[in-house]
Amino acid sequence: MNDLLLKLRQNAEMRRVPIISRQTEEFLKEQLLKYKPRHCIEIGSAIWYSTIFVAALMQAWNGQVTSFEVAYPAYLEALMHIKEANLHNITLYPFDIVTSDVRKFVPKKWDFFFVDWQKSQYWVYLQEIENIKEENSLIIIDDVIKFHNKLDWLYEYLSKKQINYQILPMEEGDGIMIIKH
């Protein structure tokens, strides 16, 4: 698995496709191993590096990953990478979680969320997550420092709903938001 992830990271760097930083990857690993979530939803996947990374870890405790990505070519690329990874705990959807009633596709409650897609829509994704999250869920939102200028609606939503969050710096000039419910 490490060889595949290394190959995917190198491919992403060569193609200039943004994927999670090594620092964010390490933080995700720590949180996944600490909380051992049963059901993860990922919103935004690019080349599916983070999906494969998360699913490979969660496979140890029979955790499931559901991933949403609107770019159909990326979805097709994901099918190839996931087949190569030989992971059977991933469900992929080639559409935006906001454009349809996500409860039709993920009828149960979920306990771990990783959001790394359209920054200006983070607040909308958080609204959707509120409908399908378990009580003790963990939400990690990437790129909140680098793209702070696109997150006004997110901060307004968090304030309006009185949702507590923490921002942790990761790589130079960027970081993640943690929301624990």
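Which exposed residues are carried by the face of α1 turned away from its buried side? The note below takes up this point first and then moves through the rest of the model.

1. Basis of the note. This is a predicted model, in which local features need pLDDT of at least 70 and side-chain atom pairs count only at pLDDT 80 or more, while totals for chains, interfaces and linings use all residues. Residues are numbered from 1 along each chain as its sequence is written, and side-chain values use heavy atoms, with hydrogens and water left out.

2. Helices (H or I, at least four residues) and strands (E, at least two) are DSSP runs, numbered from the N terminus. The face of α1 turned away from its buried side carries the exposed residues N2, D3 and M14. Here buried means under 20% relative accessible area, exposed over 50%, and partly exposed in between (1.4 Å probe, protein chains only). The buried residues of α1 include L4, L5, L8, R9 and A12. They cover an arc of only 135° around the axis, so they lie on the same side of α1; the arc is that of the directions from the helix axis to the C-beta atoms.

3. Among the elements covering the buried residues of α1 are α2 (22–35), α3 (49–58) and α4 (72–85). R16, which follows α1, has a positive phi, near 60°.

4. Strands β1 and β2 run parallel and are joined by 5 bridges; two strands pair if DSSP finds at least two bridges between them. The bridge partner of I41 in β2 is T66. Strand β2 (residues 64–68) is also parallel to β3 (residues 90–93), through 4 bridges, and F68 has Y93 as its bridge partner in β3. Of the 5 residues of β2, 4 are buried, and the strand is thus described as mostly covered.

5. Positive phi in two loops. Most residues other than glycine have a negative phi. N62, in the loop between α3 and β2, has a positive phi of about 60° although it is not a glycine. N62 counts as exposed because its relative accessibility is 59%. N86, in the loop between α4 and β3, also has a positive phi, near 60°. N86 is exposed because its relative accessibility is 51%.

6. The largest nonpolar core. A nonpolar core is a set of buried Ala, Val, Leu, Ile, Met, Phe, Trp, Tyr and Cys residues joined through side-chain atoms within 4.5 Å. The largest has 35 residues, of which I52 and I140 touch the most other members. Two or more residues come from each of α1, α2, α3, α4, β3, β4 (110–115), β5 (133–142) and β7 (175–180). Helix α3 gives the largest share, 7 residues. Leaving aside neighbours within four places in sequence, I52 is in contact (heavy atoms within 4.5 Å) with M1, L4, L5, L8, H81, I82, A85 and L87. Apart from this core lies another, of 24 residues, among them I97, I129, L154 and Y157.

7. Helix α5 and Y125. The buried residues of α5 are Y122, V124, Y125, L126, E128, I129 and I132. They pack against β1 (39–43), β4, β5, α6 (152–160) and β7. Y125 belongs to this helix (residues 122–132) and counts as buried because its relative accessibility is 0%. Y125 and V98 are 27 residues apart in sequence, yet their C-alpha atoms are 6.8 Å apart in space. Beyond its neighbours within four places in sequence, Y125 contacts I43, D96, I97, V98, V115, W117 and Q118.

8. M170. This residue is placed in the loop between β6 (166–169) and β7. M170 is buried, with a relative accessible area of 19%. Its contacts, neighbours within four places in sequence left aside, are Q23, T24, F27, G175 and I176.
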